[in-house]
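User: I am new to this structure and would like to go through it step by step. Could you start with how the helices are arranged?

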Amino acid sequence: VASSFAQSVEPLLLSACQRCHSDGGEAGDSPFLLKGDGAGDFLAATRLVDSSAPSSSRLLSKMSGNGHGGGTVFAAGSPEYQTVLRWIQQGALP
């Protein structure tokens, strides 16, 4: 069964990223904003996904601390990181 954004990825991003990546948050001026709105959050996340090279996706790079002002959110290899990587590898489905 393929991972879906709504079931597997969005809950992780909302719990770990939304505090800063929202209107008025520390990263509120970032192009990656989470509003708790499934379709909008999906669009924000998929802008940082490279389906042709999943492990090179900017979403994974940022969450593992590379070029991310908030430091490491999910270390490379962590269960959460693996969940997001698997979602991208399976086609980044809504």
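Analyst: Axes here are lines fitted to C-alpha atoms, for helices over the stretch in contact, and angles run from 0 to 180 degrees between N-to-C directions. Please keep in mind that this is a predicted model.

User: At what angle do helix 1 and helix 2 pack, and how are they oriented to each other?

Analyst: Residues Phe5, Glu10, Leu13 and Leu14 of helix 1 meet Gly38, Asp41, Phe42 and Ala45 of helix 2. The axes of the two helices lie 11 Å apart, at an angle of about 80°. Since angles of 65 to 115 degrees count as roughly perpendicular, helix 1 and helix 2 are therefore roughly perpendicular to each other.

User: Within what arc do the buried residues of helix 1 fall?

Analyst: An α-helix has 3.6 residues a turn, so residues three or four places apart point the same way. In helix 1 the buried residues are Phe5, Val9, Glu10, Leu12, Leu13 and Cys17. Seen down the axis of helix 1, these buried residues line one face of the helix, because they fall within an arc of 160°.

User: Which residues are exposed on the other side of helix 1?

Analyst: The buried residues of helix 1 are covered by parts that include helix 2, helix 3 and helix 4. On the other side of helix 1, the exposed residues are Gln7 and Ser15.

User: Which side chains meet in a salt bridge?

Analyst: Side chains of opposite charge can pair when their charged atoms come close. The count comes to one salt bridge, with an N to O distance of 3.6 Å. Its two side chains belong to Asp23 and Lys35.

Conventions: Residues are numbered from 1 along each chain as its sequence is written. This is a predicted model: local features need pLDDT of at least 70, side-chain atom pairs count only at pLDDT 80 or more; totals for chains, interfaces and linings use all residues. Side-chain values use heavy atoms; hydrogens and water are left out. Buried means under 20% relative accessible area, exposed over 50%, partly exposed in between (1.4 Å probe, protein chains only). Helices (H or I, at least four residues) and strands (E, at least two) are DSSP runs, numbered from the N terminus. The arc is that of the directions from the helix axis to the C-beta atoms. Contact means heavy atoms within 4.5 Å. A salt bridge is a side-chain nitrogen of Lys or Arg within 4 Å of a carboxyl oxygen of Asp or Glu. Angles under 35 degrees count as roughly parallel, over 145 as roughly antiparallel, 65 to 115 as roughly perpendicular and the rest as oblique.
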